[in-house]
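Thank you all for coming; I would like to take you slowly through one structure this morning. Please have a look at it first, and then we will go on together.

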Amino acid sequence: MPEMNLKKIEEGLFRVLMFCSTVIIATALFLIIFSILYKGLPSVSWEMLTSTPKGGFYFGKGGGVLNAIIGSLYLSLGATILALIIGLPLALYMNVHLIKHQKLVNGIRFMLDLLWGVPSIVYGAFGFTIMIFFGIRASLLAGIFTVTLFIIPIMVRSMDEVLKSVPRGLLESSLSLGSTKAETSYRVYVKQCIPGVITAVLLSFGRAIGDAASILFTTGYTDYIPTALNQPTATLPLAIFFQLSSPIVEVQNRAYASAVVLVTIILIISILARVFSAKFHKNKINF
Amino acid sequence: MKFRRIQIGRHLRDKIHGSWMVISLALVMTTPVFLLVGLSVKSWLLLEENSIFTLLFSKEWKPLSGQFGFYPFIISSVWVTVVALLISAPICLLTSIHLTQYAKKWVLKIMHPIIDILAGIPSVIYGVWGILVVVPFISNYLGPFMGKSVSGYSILAGAIVLSIMIIPFILNILIEIFRNIPTELSEASLSLGASKWQTIKFVLVRRAMPGIISALGLGMSRAFGETIAVLMVVGNVTKIPTGLFQPGYPLPALIANNYGEMLSIPLYDSALMLAALILFVVVMLFNFASRLVIIESEKHA
């Protein structure tokens, strides 16, 4: 039966191909992490992590990227808090107040998904036009606003996925015991989903700290650690980007070292996110 | 008395929270309108003097003499996006079938964090990886192998980096789609005597087709708007690329590269904002169509 054999061969071939593509994906990740660590680790030093650029820094002389590390943390922290202030109430509103209007909620989800797809450079360009319009110069504040716009859809959609899983009975019993909708939202829903909400916040923070295109126009760049919201701010992604375009080897090496710092931060965030998300799945009420 | 005051306080608090929720909703839902209006107002200056068609199809990009032809950039964007999709589409499709149909538990346990971490790696890191690995690979091995001497900074380098970046994105959607297909379907096919592979080929993939196409559409729009990673490896030469090994200059890279000087040349900022507007509109349309197809196909499930 030659036809039977052909079928077997086809299936076997595709199983090999499927296995290979899975391996390719896993290898790609290890290759990325490994090449960054291999190239960057030798240049990571205490001075690089704890000092700001000194004279001649961009010609390979002393100093570090503390300005960019602190700047990135300020920026992402500010944006994450701002996004949380807008995003958490929105996600709760969709899942508590609008629970009877599923069509409307699905419309909002659709819109958020669309916003999620908007490239960060478009947010950057938009932030820039707003800055020009109001006459604000490139600053930490302008950067925080732009990044907030960019991470809100991510945060709300991840929280929404978590809040969606709360059984309706919990809402009904809370309301029937006389609590208001706001109390139900913040004291029942948030409490029930806290690990999931934390995961959503961490994911957004990771997005905020890693994005370069949205802050290229809006935060500027400086060698100093910002002390006020209206000052320009250095950030890690831009520090990597700028130093790598230098022809001087020492400066390039520092770009690789900065990449190690950024990768480390991102890895820590994803590990934390996984821990909290595992916790959420353990606490989840299943019906 | 005291009880009533607490009651009023509670309801007042409920009102305040409720209004803030509505305000947040309004803020977020109007964002696309603001984006559209903000970018349109800025690009209007340029559109007043040139028709959109000459801008889109003119090859001349000479900001100093007021000529803004986007054609080379649009073509570069299309090249990188399409090649990236051609690389990542088969990998994603095969992997998603493997993970949902064949893979053992331990494989899933390893692959889930890998996909998550890949999705979380910042684009500047992908760019650094591109410069460290992909560009030298093309200039030292692939180029000479094809009998060409190339710098490595090319459409192909951009596409390879992009393809890895969009893999987790497409893969997550595909896995979701394959999981949502009712198991009765494949059980019916298996009980009629079809082999596992035949069932996948003729039942699962056929059933998932609209979802697969829209997942690729979403991946494509993601690739179309990706900036920093591509910018770092694609070469950035204003010329219409004719081959994989040539440098290109995609639209997002154009915007990102010239923000410094755009205020010193008249209409330059307007041209860059128009580039952002084009990106926004194209990505929104792609996303809109793809999401709609996904929702429609889920309805039938």
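This is a predicted model: local features need pLDDT of at least 70, side-chain atom pairs count only at pLDDT 80 or more; totals for chains, interfaces and linings use all residues.

Among contacts in chain B between residues at least 6 apart in sequence, what percentage join residues at least 24 apart? The answer is 76%, where two residues are in contact if their C-beta atoms, placed from the backbone, lie within 7 Å.

Residues are numbered from 1 along each chain as its sequence is written, and chains are lettered from A and ligands numbered from 1 in the order in which they are written.

Chain B has eleven helices and two strands, which are DSSP runs numbered from the N terminus (helices are H or I with at least four residues, strands are E with at least two). Starting at the N terminus, their order is α-α-β-β-α-α-α-α-α-α-α-α-α.

As for dimensions, the C-alpha trace of chain B spans about 70 × 70 × 35 Å along its principal axes.

Let us turn to the contact between the chains, to which chain B gives 66 residues and chain A gives 65 residues. On the side of chain B that touches chain A, helices supplying at least two residues each include H3 (71–102) and H11 (268–300), but the largest share, 19 residues, comes from H1(B).
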